[in-house]
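Here are a few friendly notes to read alongside the model. Please have it open as you go through them.

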Amino acid sequence: MKEAGMDHEGIELIDKVRLWPSHAMIAGRPHRVKWGAWAVYLPGPQIKLMHAVAGRQHCIYYKAPRREEVLGGFDRRRDAEDWARAFSTPVLRRVAENWVMFQRLHAAGLGPEPMGLVAVRDYRSFFSRGRGITAGLRLADLTKYPEKAPATEAELRGAGIVPDRSRASLREQIRGYVSDLNNLHGAMPEDGEAEVAAVEAALARALGR
């Protein structure tokens, strides 16, 4: 089986991804993994894949509520509606938002170079409740970037990024660059609706949707 191909819009298509806590398999080849709450990073191919369940974004943070309880209306915590919104967000849309933001951050010298979009046709993880789709980005390795002063909130806003509500994107930088934009109230591209919609549509077309 071919590991990956490119569609006509330059989106890299990966036929099959399997994720375990210890490693990932892409077309039968093992890869190291670095787990985040909302995404997993594969250092070898430099791919950041969003967590997904049935094509919607997912979170594996240990304090996150149970997905089914939130979406079923059984979780009564104060922020249950926010979690329901997050768990209902199409994963292709969140990847598109990340792509637009990383493009802006890189152009402003605040983030890694986004080297390409990735779409996965057949995705399954230890938490995904079956097979589905997901998508992600190839991002340059920030550990190889020269150290600089940490990016500030004013710089992020100047680049057209609304920071996440908890400001984790500012606290958890790598060598002075923003590396993670995802949270319950994640960072967003300011006035980026048209750009995001175009990228989301391209990802959907790449997956035949």
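How many helices and strands does the protein have? There are six helices and 13 strands, taken as DSSP runs numbered from the N terminus (helices H or I, at least four residues; strands E, at least two).

1. A word on the source: this is a predicted model, with local features needing pLDDT of at least 70, side-chain atom pairs counting only at pLDDT 80 or more, and totals for chains, interfaces and linings using all residues. Residues are numbered from 1 along each chain as its sequence is written, and side-chain values use heavy atoms, leaving out hydrogens and water.

2. Of the 209 residues, 54% count as buried, meaning under 20% relative accessible area with a 1.4 Å probe, protein chains only. The C-alpha trace spans about 45 × 40 × 35 Å along its principal axes.

3. Do look at helix 3 (residues 91-107) and helix 6 (residues 193-206), which pack at about 125° with axes 8 Å apart; axes are lines fitted to C-alpha atoms over the stretch in contact, and angles run from 0 to 180 degrees between N-to-C directions.

4. The contact (heavy atoms within 4.5 Å) includes V95 and W99 of helix 3 and V199 and L203 of helix 6.

5. L117, in strand 10 (residues 114-125), is buried at 11% relative accessibility. Beyond its neighbours within four places in sequence, L117 touches V95, W99, V199 and L203, among others. L117 and V199 are 82 residues apart in sequence, yet 9.2 Å apart in space, C-alpha to C-alpha.

Key: Buried means under 20% relative accessible area, exposed over 50%, partly exposed in between (1.4 Å probe, protein chains only).
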